[in-house]
Amino acid sequence: MKSMTMSKPKKQKKTMAERSNTLRAGVLGSNDGILTVVGVLFSVAVATTNQFTIFIAGLSDLLACAFSMASGEYASVSSQKDTERAAIEKERELIKTDFPAELAVVADYYVERGVTQETADKIAAELMKKDALGTVVKVKYDLQLGHYMSPWDAAFSSLVSAASGGIFPLVAMTFLPASIQWPGTILAVTLSVALTGFLSAKLGDGLVKTAMIRNIIVGLITMAIHYSVGLML
């Protein structure tokens, strides 16, 4: 009698879109962590010179920002995932009730890309015969069956990155010598937001220089506004 073994199904590899979404959440979380924490630090540090008070204020904001970013990212990606699933179920039903129309959509997709009508019809028929639902959702929504953005991955990425980003201004403001505390913090924030600008541009195929300059300007404005708020306290 031959022994039978049950093998666990292999975990599907993440698509480029899934990995990019997680990285995007991380970069945005890091940028928000930097700017949120430095804003609180500047406001408090102008109003008081007590280093412990400054540190606790900054740390509290770092934790609040990290968990806020994580929960927001989780809710956003969950909503996107629900929308994608609903679209797939809609197409599943349409394939059953109106297959010719779905077939025509796939054929038109290839015609629009320069394929002759005759060839497009053949391609559509072959693809729909092999995997009707997968073909339709790919053509209509650029989705891949079984691959959804992970809310938990995005949330964890935002949580870690926001906390990591907030550490730069927190450490600079609370641990640097008093003589270089302010310029050191400004430099730390400027360099860190320039880095997040660089990474966001690379991930989104944007203009690196423009993204870096934009982030630096936003960072400087954020510090100036919160410094002014601190003067009023």
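**Figure 1. Overall helical architecture of the predicted model.** Helices are here DSSP runs of H or I with at least four residues, numbered from the N terminus. On this basis the chain of this predicted model follows the pattern α-α-α-α-α-α-α when read along the sequence, and its secondary structure comes to 7 helices and 0 strands. Of the 233 residues in the chain, 36% are buried. Among the contacts between residues at least 6 apart in sequence, 74% join residues at least 24 apart. The accessible surface of the chain comes to about 14,100 Å², and carbon and sulfur atoms account for 65% of that area.

**Figure 2. Close-up of the largest nonpolar core.** This core contains 15 residues, of which Leu41, Ile54, Met173 and Val189 touch the most other members. At least two residues of the core are supplied by each of helix 1 (16-47), helix 2 (51-97), helix 5 (151-175) and helix 6, and helix 1 gives the most, with 8 residues. Apart from this core lies another, of 13 residues, which includes Ala124, Met128, Ala132 and Val139. In soluble globular proteins, nonpolar side chains tend to be buried together.

**Figure 3. Close-up of the surroundings of Val189.** Val189 is one of the residues that touch the most other members of the largest nonpolar core. When its neighbours within four places in sequence are left aside, Val189 is in contact with Ile34, Val38, Pro169 and Met223.

Figure 4. Thr196 lies in helix 6, which spans residues 181-203, and it counts as buried because its relative accessibility is 5%, where buried means under 20%. The side chain of Thr196 reaches the backbone oxygen of Val193 at 2.9 Å. With neighbours within four places in sequence left aside, the residues in contact with Thr196 are Val27, Ser30, Asn31, Ile34 and Asn215.

**Figure 5. Close-up of a nonpolar surface patch.** Ile213, Ile217, Ile221, Ile225, Val229 and Met232 form a nonpolar patch on the surface, and together these residues have about 560 Å² of accessible area. One of them, Ile217, lies in helix 7, which spans residues 208-232. Ile217 counts as partly exposed because its relative accessibility is 45%, a value that falls between the limits of 20% for buried and 50% for exposed.

How values were computed. Residues numbered from 1 in each chain as written. Predicted model: local features only at pLDDT ≥ 70, side-chain atom pairs only at ≥ 80, totals over all residues. Heavy atoms only, no water. Buried < 20%, exposed > 50% of the residue type's maximum accessible area, 1.4 Å probe, protein only. Polar contact = N/O pair within 3.5 Å; in protein donor to acceptor, adjacent residues only side chain to side chain. Contact = heavy atoms within 4.5 Å. Areas by Shrake-Rupley, 256 points an atom, 1.4 Å probe, with all protein chains shown as cover. Patch = residues over 30% accessible without salt bridge, like charges linked within 9 Å, V, L, I, M, F, W, Y side chains within 5 Å. Salt bridge = Lys/Arg side-chain N within 4 Å of Asp/Glu carboxyl O. Core = buried A, V, L, I, M, F, W, Y, C linked by side-chain atoms within 4.5 Å.
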